Amino acid sequence: MAARDRSAEELKSAGRADEAAEVKKLRRPSIVAWAVNAASRERPEDVMALREAGRDLRRAQRKALSGGGGEDLRRATDDRRALIQTLTEAGVDAIGARGAAHRDAIAETLDAASVDDELGERLSAGILERETRPMAGFGAIEGFEVLQGGGSDEDEGAAEEDPAEVRRGRAREAREAAQRAVAAERVADKARRRADELREKATAAVTAAREAESDAKRLSDEAKTERKRADRAGKAAESTR
């Protein structure tokens, strides 16, 4: 923000008041947006791969709605999930010690940017201002159309009897399956992140317990030493009477 203000002042001094006003309007990003931007600038190749994975996912979803492309859908989903996880970790690391508290919001912002072209452009440029959440269900699919093919021989036989009904049934089943897959993916990701957080806390608790045990042993040894000194002092006092 300090650099923004300096740039605005320099433009204003150079007689470029309109440009200075535009620069001055630039908003301070939220902590989550800042972390995502930092991850984007650190790992631009992964951002490009994430956007491509998002495009692959949309194509696979459209194909799945016509009754085919199940393997493509699974592969695109797995690829996108892995890239979101990699960039999420980079965003968490950029924040530092408190980054884990923003893990879910970072992942959701990357999720949304992977299937939204406008957000994707801002992600690539590293200029997101606010975190966002992905659209539910099949909201990521653009220009949907039912594609021909992709069914089994049995399905084709049914299609010959009533092709329009078969296509509608396939589309409905694929849509429901994909919605369940997307929901399951997000629940699994949250569970995985929660497990990571609990693992970190458990590791910290074990370390603290070991330190406490070590302190307790040290204090116990010191107490024994002091007791021996007290006993010797008592005996010495008795012998001088």
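At what angle do H3 and H5 pack, and how far apart are their axes? The angle is about 115°, and the axes lie 8 Å apart. Axes are lines fitted to C-alpha atoms, for helices over the stretch in contact, and angles run from 0 to 180 degrees between N-to-C directions. The model is predicted: local features need pLDDT of at least 70, side-chain atom pairs count only at pLDDT 80 or more, and totals for chains, interfaces and linings use all residues. Residues are numbered from 1 along each chain as its sequence is written, and side-chain values use heavy atoms, without hydrogens and water.

The H3–H5 contact (heavy atoms within 4.5 Å) involves Ile31, Trp34, Ala35, Ala38, Ala39 and Glu42 of H3. From H5 come Leu87, Ala90, Gly91, Ala94 and Ile95. Nine of the contact residues are nonpolar, one is polar and one is charged.

Helix H4 (residues 44-64) also packs with helix H5 (residues 70-95). Here the angle is about 155°, with the axes 8 Å apart. H4 is therefore roughly antiparallel to H5, a term for angles over 145 degrees. Contact residues include Leu50, Ala53 and Leu57 of H4 and Leu73, Ala76 and Leu83 of H5. Twelve residues of this contact are nonpolar, four polar and five charged.

Serine 30 lies in the loop between helix H2 (17-24) and helix H3 (31-42). Serine 30 counts as buried because its relative accessibility is 15%, with under 20% as the cut-off (1.4 Å probe, protein chains only). Beyond its neighbours within four places in sequence, serine 30 contacts Glu129, Arg130 and Glu131. Its side chain makes a polar contact with the side chain of glutamate 131 at 2.5 Å. Such a contact is a pair of N or O atoms within 3.5 Å; within protein, one must be able to donate a hydrogen and the other to accept it, and residues adjacent in sequence count only if both atoms are side-chain atoms.

Methods:
Helices (H or I, at least four residues) and strands (E, at least two) are DSSP runs, numbered from the N terminus. Angles under 35 degrees count as roughly parallel, over 145 as roughly antiparallel, 65 to 115 as roughly perpendicular and the rest as oblique. Ala, Val, Leu, Ile, Met, Phe, Trp, Tyr, Cys and Pro count as nonpolar, Asp, Glu, Lys and Arg as charged, and the others, Gly among them, as polar. Buried means under 20% relative accessible area, exposed over 50%, partly exposed in between (1.4 Å probe, protein chains only).
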